[in-house]
Amino acid sequence: MNMALLMILLFFLLSLYLGFRARKGKQMSFEQWAVGGRSFGTLLVFLLMAGENFTTYTFLGASGAAYGLGGPTIYVFSALCYIVMYWVSPIVWRYGKEHRLLTQSDFFQSKYNSPALGVLAAVVGVVSMVPYLVLQLKGLGIIVSEASYGLISPTVAVWIGMLSVAFYVMVSGIHGSAWTAVIKDIVMLVVIVFVALYLPYHYYGGLKPMFQAIDVAKPGFLLVPDKGLSVSWYISTCILFAFGASMWPHMYSAIFTSRTESALRKNAALTPLYQLVLVLVLFIGFTAILQLPGLQGPDMDLALFKMAKNVFDPWFVGVIGAAGILAALVPSSLLLMAAATLLSKNVYKVWKPQTTDDQLARITRWLVPVIALICLYFTFHGRKTIITLLIMAYGFVTQLFPALVFSLLRKNVLTLQGAFSGIIAGVVVVGYVTVTNMTMDKVFPFFPQAVKDLDIGIVALIVNVIVSLAVSMATRHVDLGKREQANATV
């Protein structure tokens, strides 16, 4: 066993130990398993929510994107999402605590008094999370294979990683995710800060000489272009990212774990500073531009490990690999748990309303390995379509945002029918746009360049809002009649 593999194994075993030990001394009721008994303090909430910035996609994809795209890659650092979360998450937490909610779908079901809308939100959420999980697994396989110098195949790594996570999620629930996030964020921060600063100094003598060398070799590469990935594309992408980032179902699990709403505000205020570490990840990709010329396609995502193997001793390559493994395990555990909870509580229980909480807890736990096996299937058979699915998934989950925002108003102008129709319309547009590779340039060829460069997801959101408001106006009297009837029954 070489030193790299030994370091990977040590950190992997440490993460499993923390995952299993997290349940010690706790009566693992369904609420305790799903949202930690709503008892997490500021630090654990911060690590659960802020730590979502660091996934295998960030670890491999951000450096690879910097290598291939240059300046426009700065979109990965977008603080707008935390402005949305600063105002939205405390309100969601307050409402969730009052009504004892456990999932994002519970929120929609309660706000619109409709189990059907809860089912729709659950389906959209699960469909969105599966490709996100698959991406983590693909990244896990690549990281372990590269960091172990090929001693462990990607297939073996994915099987071991996913089944191990599924097991400790079944046992410890969100407690396991929280305590594993502690070691994950410590290791990730140390590795990223050191590697991102060391490599430019090793190859160029500093950050400034690195950027000067790139600018000479590839003039304009570090700038945002006038067409394509332009300023208008950047702004629209950041706006959509801000809306979508606050709609992932596993983020609601993290919100409901908080002991106080002030912890959520502190998290949203501090996370943009924490997210600056993502900029350092870009430095790794920029370093590789001149040192590893000619990388194409998926090979661009390997820039980090290719340089690490050339510069560092095997034991430290193993530490980098261990950081990447942790970046896969923690988000995967949250995603698995959230998907299982949505399917049991917001789909199965609607079909079988007589299900008790104890039965629901057992069903949810056993859904975890089922979802894990489904994700393993798509990991090995999804091929290149997973990136397309991820783009579609992000677009899907963003379509829940208008119904959420309107529900937070003192007087919600959306009816149940309006919210339902808007979500479906937005999802249909996203699906069509993704499958046909439609762009604003194709839809509006005669519009100014700034409009043609907008993210096409803007169109889906606009369609969503228009359909929601139009259907709500047409069905307001029906919705009011149902509410009056419900009140009279009560």
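Student: Which residue forms a salt bridge with Asp106?
Tutor: In this predicted model, Asp106 forms a salt bridge with Lys345, and their closest N and O atoms are 3.1 Å apart. A salt bridge is a side-chain nitrogen of Lys or Arg within 4 Å of a carboxyl oxygen of Asp or Glu.

Student: Where do the two residues lie?
Tutor: Asp106 lies in helix α6 (residues 104-111) and Lys345 in helix α16, so the pair ties together parts that are 239 residues apart in sequence. Helices are DSSP runs (H or I, at least four residues), numbered from the N terminus.

Student: Is Asp106 buried or exposed?
Tutor: Asp106 is buried, at 5% relative accessible area, whereas Lys345 is partly exposed at 21%. Buried means under 20%, exposed over 50%, and partly exposed in between, with a 1.4 Å probe and protein chains only.

Student: How many salt bridges does the structure hold?
Tutor: The structure holds 8. One of them joins Lys309 and Glu146, at 3.1 Å from N to O. Lys309 is in helix α15 (residues 303-311) and Glu146 in helix α7, 163 residues apart.

Student: What about α7 and α16: at what angle do they pack?
Tutor: Helix α7 (residues 115-147) and helix α16 (residues 314-351) pack at about 160°. They are therefore roughly antiparallel, a term for angles over 145 degrees.

Student: How are residues numbered, and what is counted?
Tutor: Numbering starts from 1 along each chain as its sequence is written. Local features need pLDDT of at least 70 and side-chain atom pairs pLDDT 80 or more, while totals for chains, interfaces and linings use all residues, and side-chain values use heavy atoms, without hydrogens and water.

Technical notes
Axes fitted to C-alpha atoms, helices over the stretch in contact; angles between N-to-C directions. Parallel < 35°, antiparallel > 145°, perpendicular 65-115°, else oblique.
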